[in-house]
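Welcome! Please take a look at the structure below, and then let us walk through a few parts of it together.

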Amino acid sequence: MSCFSFSMRRRISSALLIGLVASAQVLAPALVRAQACALSADPRFAGHAFPLDTDPVPQAMRFDQAFPALSFGGLVDLHAAPDGTNRLFVVEQVGRIHVFENRNDVSLATGFLDIRSLVQSGGQEQGLLGLAFDPGYATNRRFFVNYTATTGCTNPGAAGCTKIVRYEADPTDPNRALTNSATPILEFAQPFDNHNGGAIAFGPDGYLYVATGDGGDGGDPFRNAQNRASRLGKLLRLDVSPGATSLAPPTNPFVGVPNTDPLVYHYGLRNPWRISFDRVTGDLLIGDVGQGIREEVDRVRAGSPGGLNFGWDYCEGTLDYRSGTTCSAIQSTPPVVEYQHFDQNGGEVIVGGYVYRGDLYPELYGAYLYADPSSGNVWAWGGQDPANPQNPGNPGVKIAIAPPAISSFGEDQTGEIFAVSSVTGLIYRLVRNGSSGSGASFPATLSSTGLFSDVASLTPAPGLIEYDVMTPLWSDGATKRRWMALPGEGRVGFHAREAWEFPVGTVFVKHFELPKPGGTTRRVETRVFLRQVDRWIGMTYRWNTAGTDATRLDAGLDEVIDLGSGASQSWHYPSPTECLSCHTAASGRVLGVRTRNLEGTRSYAGGTQSQIEAWNCAKLFDFDIRERSRYDFSRAIGDASATRTKRARSYIASNCEMCHQPGAPAPGGLDMRFTTAVGQWNVINVAPSEGNLGFPSAKRILPGNRFNSILWIRQSVTDPLVRMAKGTTIADAPAVNLIGSWIQTDVATVDSDEDGVADTLDRCPAVADPLQQDGDQDGLGDRCDPDALPDLTIQSQTTPTGTVVPGQTLAFSATLKNDGAGASASFPVTFHLSENTTLEIAHDVPVGECWVESLNAGATTTCSTSSARIPASFLTGQPGPVTYRWIACANRAQVERQGNTANDCVVAPQSVSVPEPIGMLGFGVGIAGMAAACDARRRRARRASAGR
């Protein structure tokens, strides 16, 4: 037998299949699903006209991965040592520095310095943050690091301290630093774990410049940046030369001035994450991260005296921030470049770079490069002074899309530009974009995309599947329709609780209409989100007033929409880069389409069915996900059958979690994912980190008091600079009422999973378990413990070998040990037949189990079964025996929640063969299961090609 094509499978008569199976007295699960499917099986998309390897708005430059053989942990800095060796040094935030040769074929990086035991990197902006080489490094081997610590501080603040420490390289091995050469240079206390600055650099004057943040929280609550006696919110200048009599150079502006710190050189900075000196002119460029409105670049001309005030916290950029005075009144030095948050050409967190002085790209020579990871923009600023020093500077020109989660730029010894990522751990090289991709253009109109067979009626092309979500993102009252299409043979990589994975070519479509007086609607825009070869991209199509077609926008646009009868509404069309500021990498890019949101029913050609069951029936997933009762779903705001807590958590997750989770761009260290218990969101009775909005007693959530809860206040107001979700201007009244009532009545005793046990006492606060089972007694409930049920190791197993036949009785045994701290509860050891060496619960075949009633800590036991068997209906889908492996697991694999079964499983060293069934039973089930067998083979091929 061989695999039929999809078209051939469709031609097989379902009546014939049913008859064959009935005669064999067996009903394959695949057939049950096929009969019940409301959505046609394997709906293949007719295809779209979007290129998969070019940008919607072509850029002059791009970033390619450099050094393909190298990868690291979260990278935050890159430098070349000034010793002519053409080596690069990369900094990992956890406290390591690696060194390697600057060759694209380099295959090995050497650990240069490892101070992880000294570095505190657990906070949101803590860690090893900066590296600078002494100008005389070639002979004195000295370099300096900037890191945060919570131990070993002489006078720590609430979040420890920042340390500037000098080290030396080994004179016998230039690729190794001497850890015992550590010489403390400077230390100062940190009140919060954010706004630590981090950059250090030597200026052309030979002094070491240290950029410090204002100490953290939000709005500079201690007024550090304007306090010249504080080292926070400053640019410090240090004399670290061997013969220096003082750490403060005598020309520092506040040497000898009462009530000031002599190390302060400039002040009024908020969070200068990266600074650099132009290697030709000596000018200093500072990328200072703003509060909630502006990001800025400040410049200090070479030779300028110290003592400049860049304005924070009286000013944010050129805007007045703190009441009581103005930027002009304090004569602050304005930025040379600034950009606004939520603007099509903006972002939310600036990463300062370098003035390009390399040889490869003369068109960039003398331009200052900077980026914003939230929007993905990379700009080049030509360096012109503002026409009026009191006005904003000249904007940069967008030249590239930033690498994912760009954290820093870097230069090699010749001035060529690199970038590093805090998420991917990869290094990227700036290259010219002229020859990238196919060069194909993007469809200019919605009608030319291939998404709809009739745009005027929004009739989708074949295979474009319409769907709804349980808890949608709020969009200023717009009504929305949504579609999704998979390419070719593509499947969705299903995950029970995390983001799904989608193949290259996948397209999502979201259509927006605004309600008009009289009950009709006005078509506004249709957004397209496309999975390209190496990234996701978003596009906006703006509808004409007649509603007959829509035109693609290359930039963001603000418009007042005329709704008739004197009604109108402001509307913002996002730019391609703006799309990615919400569709964050941390969230998995695709927001609404995941397990928790697709329970709701829809009507399809074949009937009405739960969406997630319909998609499973249609084989859109990479395996059979089984019954929907196994999964945890969101609940809509108006769902009276759901609790207020469930509805509130669902709404907040859909509207907030994309930015408020680990690795996402929003500050404050919040984790508002649907899978995170409320008590672990970092919001209950926590002071706001981005300002109290004029409410002195405010907390992020103050239980029982919505009026002093920043989360509710931001949701309730209409000021776009304050309100959440960002980009909206109208409050969602039902949600405001829901969240307000939830804060008033339910948050005082948080029970996120609503199992009757408060989060503070719950062993598994994110997953309901009223019995609080903890089989391994490690304090973490079985329902969310990856080591649970219980904490066991299988030491060996005895399994059948050779060839086994479906229906044959088989014997298994396993020897196992309890590695937990306490005695285990009763548990099974389960045995599985797997097509590879990794247990995949959804489609590997369970064949039997044996039970252990209990097992003391440290004890070993053996259990066995002699009644296991491969189901008689099992089929391989190809002639001859097929090779499989036995896997034994010491847990209830079918309820394991976190996908981490390997820690309790062991694979038998020998393989086993299973032949194709024969006779009428084999013929009937074999034909019926052909699609499943082909799908399994395709899964194997995809795993092999992906390196899984």
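This is a predicted model: local features need pLDDT of at least 70, side-chain atom pairs count only at pLDDT 80 or more; totals for chains, interfaces and linings use all residues.

Strands of a sheet pair through backbone hydrogen bonds, either parallel or antiparallel. Here, four strands make an open sheet in the order β6-β7-β8-β9, with antiparallel pairing. The edges are taken by β6 (128-133) and β9 (173-189); each has a single partner strand, so one side of each is left without a neighbour in the sheet. On average, neighbouring strands of this sheet are turned by 25° against each other, direction ignored. Inside this order, β7 (residues 142-149) and β8 (residues 161-170) pair in the antiparallel sense over eight bridges. Strands here are DSSP runs (E, at least two residues), helices likewise (H or I, at least four), numbered from the N terminus, and two strands pair if DSSP finds at least two bridges between them.

Side chains of opposite charge can pair when their charged atoms come close. The structure holds 35 salt bridges (a side-chain nitrogen of Lys or Arg within 4 Å of a carboxyl oxygen of Asp or Glu). In one of them, Glu168 meets Arg141 at 3.3 Å, N to O. This pair links distant parts of the chain, 27 residues apart: Glu168 lies in strand β8, and Arg141 in the loop between α4 (137-140) and β7. Arg141 is partly exposed, with a relative accessible area of 25% (buried means under 20%, exposed over 50%, partly exposed in between, with a 1.4 Å probe and protein chains only).

Further along, the side chains of Glu657 and Arg596 form a salt bridge of 2.9 Å, N to O. These two are 61 residues apart, with Glu657 in the loop between α7 (644-656) and α8 (710-716) and Arg596 in the loop between α5 (576-582) and β37 (601-604). Glu657 counts as buried at 5% relative accessibility, and Arg596 is buried at 6%.

Finally, look for Glu599, Glu613, Arg628, Arg635 and Asp639, which are linked in a network of salt bridges.

Technical notes. Residues are numbered from 1 along each chain as its sequence is written. Side-chain values use heavy atoms; hydrogens and water are left out. Axes are lines fitted to C-alpha atoms, for helices over the stretch in contact, and angles run from 0 to 180 degrees between N-to-C directions.
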